[in-house]
Amino acid sequence: MEHVPEWSRDLPGKLADSWPKDEKGGYVAPAKLTSCTQLDMGDAIVEGLLESAGIPHFKRYPHYGGFGNLMLGMSAEGVDIYVPETLLEDARNILEGDAVNDEEL
């Protein structure tokens, strides 16, 4: 049976299908792109930019943030957004506004 990394439990359904694989057929490791607050909808903006570029991503809530998100609908501790490490530079370029067109992605 294939070893599934602990972080891959954050890859439900279509996300697992779109997450890139390495040359051995395992998932490419995630890399932390940024930390956002949910108060100003920063996480939703980042997610929208990544989705429009076709970059798979997932969110993790630090410490007890997942509980706050569950109970209050947002985490006071913010949220961390992860992308495949092979797409980290592209994702950073998108957030910084350096990607001018699709050919650069």
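Colleague: Is Phe 58 buried or exposed, and what is its relative accessible area?

Modeller: Buried means under 20% relative accessible area, exposed over 50%, and partly exposed in between, with a 1.4 Å probe and protein chains only. Phe 58 is buried, at a relative accessible area of 5%. This is a predicted model, in which local features need pLDDT of at least 70 and side-chain atom pairs pLDDT 80 or more, while totals for chains, interfaces and linings use all residues. Residues are numbered from 1 along each chain as its sequence is written, and side-chain values use heavy atoms, without hydrogens or water.

Colleague: What share of the 105 residues in the protein is buried?

Modeller: Buried residues make up 34% of the 105 residues.

Colleague: How many helices and strands does the protein have, and what pattern do they follow along the sequence?

Modeller: Helices (H or I, at least four residues) and strands (E, at least two) are DSSP runs, numbered from the N terminus. The protein has 4 helices and 3 strands. Read along the sequence, these elements follow the pattern α-β-α-β-α-β-α.

Colleague: What share of the contacts in the protein with a separation of 6 or more joins residues 24 or more positions apart?

Modeller: A contact means heavy atoms within 4.5 Å. Among contacts with a separation of 6 or more, 58% are between residues 24 or more positions apart.

Colleague: How many aromatic pairs does the structure hold?

Modeller: Rings of Phe, Tyr and Trp (its six-membered ring) pair if their centres lie within 6.5 Å; planes under 30 degrees apart count as stacked, over 60 as edge-to-face, and the rest as tilted. The structure holds 2 such pairs. In one of them, the ring centres of Trp 19 and Phe 58 are 5.5 Å apart and the planes stand at 45°, so the pair is tilted. Trp 19 belongs to the loop between α1 (13-18) and β1 (30-36), and Phe 58 to strand β2 (residues 58-60), so the pair ties together parts that are 39 residues apart in sequence. Trp 19 is buried, with a relative accessible area of 2%.

Colleague: Which residue forms a stacked aromatic pair with Phe 58?

Modeller: Phe 58 pairs with Tyr 82: the distance is 5.3 Å centre to centre, with 10° between the planes, and the pair is stacked. Phe 58 is in strand β2 and Tyr 82 in strand β3 (residues 79-84), so this pair ties together parts that are 24 residues apart in sequence. Both Phe 58 and Tyr 82 are buried.

Colleague: With which residues is Leu 88 in contact, leaving aside its neighbours within four places in sequence?

Modeller: Leu 88 is in contact with Ala 31, Lys 32, Leu 33 and Val 83, once those neighbours are left aside.

Colleague: How many salt bridges does the structure hold?

Modeller: Side chains of opposite charge can pair when their charged atoms come close. A salt bridge is a side-chain nitrogen of Lys or Arg within 4 Å of a carboxyl oxygen of Asp or Glu. The structure holds 2 salt bridges. One of them joins Lys 32 to Asp 80, with the closest N and O atoms 3.6 Å apart. This pair links distant parts of the chain, for Lys 32 is in strand β1 and Asp 80 in strand β3, 48 residues apart. Lys 32 counts as partly exposed, at 40% relative accessibility, whereas Asp 80 is buried, with a relative accessible area of 12%.

Colleague: Which residue meets Lys 59 in a salt bridge?

Modeller: Glu 47 meets Lys 59 in a salt bridge, at 3.6 Å from N to O. Lys 59 is in strand β2 and Glu 47 in helix α2, so the pair ties together parts that are 12 residues apart in sequence. Lys 59 is partly exposed, with a relative accessible area of 25%, and Glu 47 is buried, with a relative accessible area of 18%. Not counting residues up to four places away in sequence, Glu 47 touches His 57 and Lys 59. The C-alpha atoms of Glu 47 and His 57 are separated by 7.7 Å.
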